[in-house]
Amino acid sequence: DGDGAIHARGHSARGALAARRILWEAGVPPALRERVAAIVRNHQVPFFLLEREDSAVVQRRVALTTPARLLAAVADADARGRIAGDQRRLIDNVALFAESCADAACLDAPPAFASPHTRLRYFQTGGKVAPDWPQHESFRCEVVLMSGLPGAGKDTWVRKNLPDWPVVSLDALREEMDVDPRDEQGAVVQAAREQARSYLRDGKRFVWCATNLSRTLRGSLVQLFLDYGAHVRIVYVEAPAAALWRQNRERAGRVPAAVIDRLLGRWEVPDLTEAHAVDWVAGGAP
């Protein structure tokens, strides 16, 4: 940088993505893998949390997905292993992080919320609702948002568990519209959104079935569903690496390996900050 300092902006998020893929390919159990990925993603949070204006929200978000005591231990070791002028400040900040989590009863357990809807509203509003005050609920319908890599078994899960639910399927729309998975998907996504809006306007439950691997993409869809008063449940389906590649080869609409490889580069597993409910299939919740 111009100030002579060395920076690695974004390395926490990129590191978490890399760790997830490496551990998945190595066959590490999903729950353990996601704890490691969460620690990598949040490893700098204890250094600076209490200096942030939104510290309470960040603290609850982190503690919901990451063992806070373990995160503090990793951050403390990181700080003590540094050669830096602010080492003492970092070590003190990590200790304050752990103390703050203990005061908020989330050092050894996830933070508590009055209800799933309260939890979702808390993170959506940036902490503008009280976590212990139940938010009003009046749902018009239920939407199940599928998430998972191609070949993980999302369609099979829907057929077995929600056989009578209408399905907004991007794969089906691609086939109907003759769009290759490697081509621009804008028209397919727009068609899917229009189909979803039709169900939402009528207050009908339905499934949105696609990979939905990035938090940003899921967030835009969840917001659409919430705007129509839906209860949103994310069902995340996962398969071991060898099984996934085999299932993809054997499926009728096989996804090119290059597409899956690209998707692995933005693979973020859903968590409870994103929807009213998040269920894991074939791997267990972290």
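## The main nonpolar core

Of the 53 residues in the largest nonpolar core, the ones touching the most other members are Met-146, Phe-206, Trp-208 and Phe-225. Strand S4, which spans residues 230-237, gives the most to this core, contributing six residues. Please keep in mind that this is a predicted model.

As general background, nonpolar side chains in soluble globular proteins tend to be buried together.

## Around Phe-206

Let us look at Phe-206 in more detail. Setting aside residues up to four places away in sequence, Phe-206 touches Glu-142, Val-143, Val-144, Trp-165, Pro-166, Val-168, Ala-196, Tyr-199, Leu-200 and Phe-225. Phe-206 has a relative accessibility of 0%, so this residue counts as buried. Phe-225 likewise is buried, its relative accessible area being 0%.

## Aromatic pairs

Nine aromatic pairs turn up in a search of the whole structure. One of them joins Trp-24 and Trp-267: the ring centres are 5.3 Å apart and the planes stand at 80 degrees, so this pair is edge-to-face. Distant parts of the chain are linked here, 243 residues apart, with Trp-24 in helix H1 (residues 11-25) and Trp-267 in the loop between helix H13 (257-264) and strand S5 (277-281). Both Trp-24 and Trp-267 are buried.

Phe-206 and Phe-225 also form an edge-to-face pair, with 5.7 Å from centre to centre and 90 degrees between the planes. Because Phe-206 lies in strand S3 (residues 206-209) and Phe-225 in helix H11 (residues 215-227), the pair ties together parts that are 19 residues apart in sequence. These two rings belong to one aromatic cluster formed by Tyr-199, Phe-206, Trp-208 and Phe-225.

Helix H5 (residues 68-80) packs with helix H6 (residues 87-103) at an angle of about 175 degrees, and their axes are 9 Å apart. The two helices are therefore roughly antiparallel to each other. On the H5 side, the contact is made by Ala-68, Leu-71, Ala-72, Ala-75, Asp-76, Ala-79 and Arg-80. H6 contributes Gln-87, Leu-90, Ile-91, Val-94, Phe-97, Ala-98 and Cys-101.

Helix H4 (residues 55-65) has Val-57, Val-58, Gln-59, Val-62, Ala-63 and Leu-64 buried. These buried residues pack against H5 and H6, and also against helix H2 (30-42), helix H3 (45-48) and helix H7 (116-124).

Ser-12 is found in helix H1. With a relative accessible area of 12%, Ser-12 is buried. Leaving out residues up to four places away in sequence, Ser-12 touches Val-40, Arg-41, His-43 and Gln-44.

Gln-195 has its place in helix H10 (residues 186-201). Gln-195 is partly exposed, its relative accessible area being 27%. Beyond its neighbours within four places in sequence, Gln-195 is in contact with Val-167, Val-168 and Leu-173. Gln-195 and Val-167 are 28 residues apart in sequence, and their C-alpha atoms are 9.4 Å apart in space.

Note on methods. Residues are numbered from 1 along each chain as its sequence is written. This is a predicted model: local features need pLDDT of at least 70, side-chain atom pairs count only at pLDDT 80 or more; totals for chains, interfaces and linings use all residues. Side-chain values use heavy atoms; hydrogens and water are left out. Rings of Phe, Tyr and Trp (its six-membered ring) pair if their centres lie within 6.5 Å; planes under 30 degrees apart count as stacked, over 60 as edge-to-face and the rest as tilted. Helices (H or I, at least four residues) and strands (E, at least two) are DSSP runs, numbered from the N terminus. Buried means under 20% relative accessible area, exposed over 50%, partly exposed in between (1.4 Å probe, protein chains only). A nonpolar core is a set of buried Ala, Val, Leu, Ile, Met, Phe, Trp, Tyr and Cys residues joined through side-chain atoms within 4.5 Å. Contact means heavy atoms within 4.5 Å. Axes are lines fitted to C-alpha atoms, for helices over the stretch in contact, and angles run from 0 to 180 degrees between N-to-C directions. Angles under 35 degrees count as roughly parallel, over 145 as roughly antiparallel, 65 to 115 as roughly perpendicular and the rest as oblique.
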